[in-house]
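Please look at the sequence and the structure first, and then follow the sections below.

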Amino acid sequence: DGSDFHQFFEFATVLPGASRMQVEVWSRGLVQDRLIGTTTIDVEDRWYNEEWKKMAKDQPMPVERRSLWAPTRRREQGKLECWVDIISATEARYKPPINVSLPPPEEYEVRVVIWKLHAASAEIQ
């Protein structure tokens, strides 16, 4: 249920400054692409929040489920799972990004053993 992107994006910025990052999710069509929805993340709000900075130093950033909104719709258009990591330009030189790509596909065999069936009718209609 949903689409797996597993992609990493990196942007340079200056704080304080223009700090609202808008993430847009699009559906590619044969004739025309369609905007599914957007979510806006205030990077500056996070960076200058002492609780957020403490959490960022002590543990990996939590995965967020952000609502996607379309300008022509009144209801949420779905959720975007992501995390936002903010580090200084100096730290970025020494801290490689986490690889979030999917592993290559492999073939498997799935086996299921059924022992009993309870409270089910064996009649065929």
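Is H6 buried, partly exposed or exposed?

## The segment before β1

The model discussed here is a predicted one. In it, H6 lies in the segment before β1. With a relative accessibility of 35%, H6 counts as partly exposed, because that class covers values between 20% and 50%. The backbone at H6 has a positive phi of about 50°, although H6 is not a glycine. Most residues other than glycine have a negative phi, and most peptide bonds are trans.

The segment before β1 also holds P16. The peptide bond that joins L15 and P16 is cis, with an omega of about -5°. A18 is placed in the segment before β1 as well, and β1 itself covers 20-27. A18 has a relative accessible area of 75% and is therefore exposed, the cut-off for this class being over 50%. In sequence A18 and D42 are 24 residues apart, while their C-alpha atoms are 9.2 Å apart in space.

## Fold and overall dimensions

Three helices and four strands make up the secondary structure elements of the chain. Read from the N terminus, their order is β-β-α-α-β-β-α.

The radius of gyration of the chain is 22 Å, whereas a compact globule of 125 residues would have a value near 14 Å. Along the principal axes, the C-alpha atoms of the chain fill a box of roughly 70 × 40 × 30 Å.

## Surface and contacts

Of the 125 residues in the chain, 15% count as buried. The accessible surface of the chain is about 11,900 Å², and carbon and sulfur atoms account for 52% of that area.

When contacts between residues at least 6 apart in sequence are considered, 37% of them join residues at least 24 apart.

## The second largest pocket

Rolling a probe the size of a water molecule over the atoms shows where empty space is left. The second largest pocket of this model holds about 150 Å³ of space. Its lining consists of W47, W52, K53, A56, K57, D85, I86, I87, E91 and K95.

Which element gives the largest share of this lining? Helix α2, which spans residues 50-58, provides that share with four residues. By residue type, the lining of the second largest pocket divides into five nonpolar and five charged residues, with no polar ones.

Terms used: Residues are numbered from 1 along each chain as its sequence is written. This is a predicted model: local features need pLDDT of at least 70, side-chain atom pairs count only at pLDDT 80 or more; totals for chains, interfaces and linings use all residues. Side-chain values use heavy atoms; hydrogens and water are left out. On a 1 Å grid over the protein atoms alone, a cavity is a set of points where a 1.4 Å probe fits but cannot get out, and a pocket is an open set with protein on both sides within 12 Å along at least five of seven lines; lining residues have an atom within 4 Å of a point. Grid points are joined across faces, edges and corners, and a volume is the space filled by probe spheres set on the points. Helices (H or I, at least four residues) and strands (E, at least two) are DSSP runs, numbered from the N terminus. Ala, Val, Leu, Ile, Met, Phe, Trp, Tyr, Cys and Pro count as nonpolar, Asp, Glu, Lys and Arg as charged, and the others, Gly among them, as polar. The radius of gyration is taken over C-alpha atoms; the globule rule is 2.2 Å times the number of residues to the power 0.38. Buried means under 20% relative accessible area, exposed over 50%, partly exposed in between (1.4 Å probe, protein chains only). Contact means heavy atoms within 4.5 Å. Accessible areas come from the Shrake-Rupley method with a 1.4 Å probe; for residues, only the protein chains shown count as cover.
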